[in-house]
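Here are some friendly notes to read alongside the model. Please keep the sequence and the 3D view open as you go through the points.

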Amino acid sequence: MSSSSKRIMSNEKAGTDYGNWVPAAMMKLCVAISSILFVVEMAGIFLIHNLVMIVVMGILFLIMFVYTIYMWRCRVLFDFNKGGLMGKVHEYLVKHLEWDGEGLLLDIGCGAGTLTIRCAKKFRKAELIGIDYWSAEWSYAKEQCEQNAKAEGVADRIHFEKGDAAKLDFKAGTFDAVVSNFVFHEVRSQKDKRKVVREALRVVKKGGSFAFQDLFEQKQLYGDMQEFVEELRKAGIEEIHYIANVEKQDFIPAFVQAPWMLNGIGLIYGKK
């Protein structure tokens, strides 16, 4: 891994805030629920003396406590200053973007701007646009992206704007390269996730490059991926490759491969 790749995996630079895939708000909620269950359990033991209540609350508290510890461990692993897994996942995607870096790149669902900035550092001649819906659920914001880009010294080549991945506000064939990471399945304005992928491909120039990473192996979202990839090929995509179960790569620890974490990941990449 290059030195620039290692730097973007760390949040050491003053003024950067890349967030975490396990938000602080979620951890606070887990701790709060665990605390409430513990208090109720203690009340059952010392005040109410109800055996059924003690057993039920004890089981619920144990489950919630274990889950909180698990999520805390995942948060540490994803942290750019600690485990750095978020950066490694981004690096895996960018490694498969077969592009010379000449022209305009779009990052769909840029979040805190992390992947956009990584691409800006790798492709020094590129101009980049990052779009996101920036809902409060993920604690990301346009201003956060702009501050991160400024702190990393690439703000002059990146523009961030609000957008909907299901209906991109760009003409067909606008971009020389398009990337997206763990976004398509979150798009609530379009139930058919295959249409979200097609929309992303629509704005790629003929001969342009793309790399999309998402929960492609989850059949309830995308159905048979080999069938879908073949459909895209027949629709005119010049070169398309699919890697299933990215979570099985050696840089992703087994304990985060739980069904509610990093599970069923796939990567589509190629040239249009």
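How much space lies in the second largest pocket? About 190 Å³.

1. A word on the basis. This is a predicted model, in which local features need pLDDT of at least 70 and side-chain atom pairs count only at pLDDT 80 or more, while totals for chains, interfaces and linings use all residues. Residues are numbered from 1 along each chain as its sequence is written, and side-chain values use heavy atoms, with hydrogens and water left out.

2. Back to that second largest pocket. Among the 15 residues that line it, Asp 17, Tyr 18, Gly 19, Asn 20 and Arg 75 are the closest to its centre. A pocket here is an open set of points on a 1 Å grid over the protein atoms alone, where a 1.4 Å probe fits and protein lies on both sides within 12 Å along at least five of seven lines; lining residues have an atom within 4 Å of a point. Its lining has six nonpolar, six polar and three charged residues. For these classes, Ala, Val, Leu, Ile, Met, Phe, Trp, Tyr, Cys and Pro count as nonpolar, Asp, Glu, Lys and Arg as charged, and the others, Gly among them, as polar.

3. Now the largest pocket. Its volume is about 1,100 Å³, a volume being the space filled by probe spheres set on grid points joined across faces, edges and corners. The lining has 44 residues, and Trp 138, Phe 182, Val 183, His 185 and Glu 186 lie nearest the centre. Helix 3 gives the most to this lining, with three residues. By class, the lining of the largest pocket divides into 28 nonpolar, ten polar and six charged residues.

4. Seven strands form an open sheet in the order 3-2-1-4-5-7-6, with mixed pairing. Strand 3 (158-162) and strand 6 (239-244) are the edge strands, each pairing on one side only. Strand 1 and strand 4 pair in the parallel sense over four bridges; strands pair if DSSP finds at least two bridges between them. Asp 107 has Val 179 in strand 4 as its bridge partner. Helices (H or I, at least four residues) and strands (E, at least two) are DSSP runs, numbered from the N terminus.

5. In one of them, Glu 91 meets Arg 118, with the closest N and O atoms 2.6 Å apart. Glu 91 lies in helix 4 (residues 85-95) and Arg 118 in helix 5 (residues 114-122), so this pair ties together parts that are 27 residues apart in sequence. Both Glu 91 and Arg 118 are buried (under 20% relative accessible area, with exposed over 50% and partly exposed in between; 1.4 Å probe, protein chains only).

6. A pair between strands. Lys 205 and Asp 176 form a salt bridge at 3.3 Å, N to O. This pair joins strand 5 (residues 204-214) to strand 4 (residues 175-181), 29 residues apart. Lys 205 is partly exposed at 33%, whereas Asp 176 is buried at 17% relative accessible area.

7. Glu 230 and Arg 233 form a salt bridge, with the closest N and O atoms 2.8 Å apart. Both lie in helix 9 (residues 225-234), three residues apart, about one turn of the helix. Arg 194, Arg 198, Glu 227 and Glu 231 are linked in a network of salt bridges.

Technical notes: Salt bridge = Lys/Arg side-chain N within 4 Å of Asp/Glu carboxyl O.
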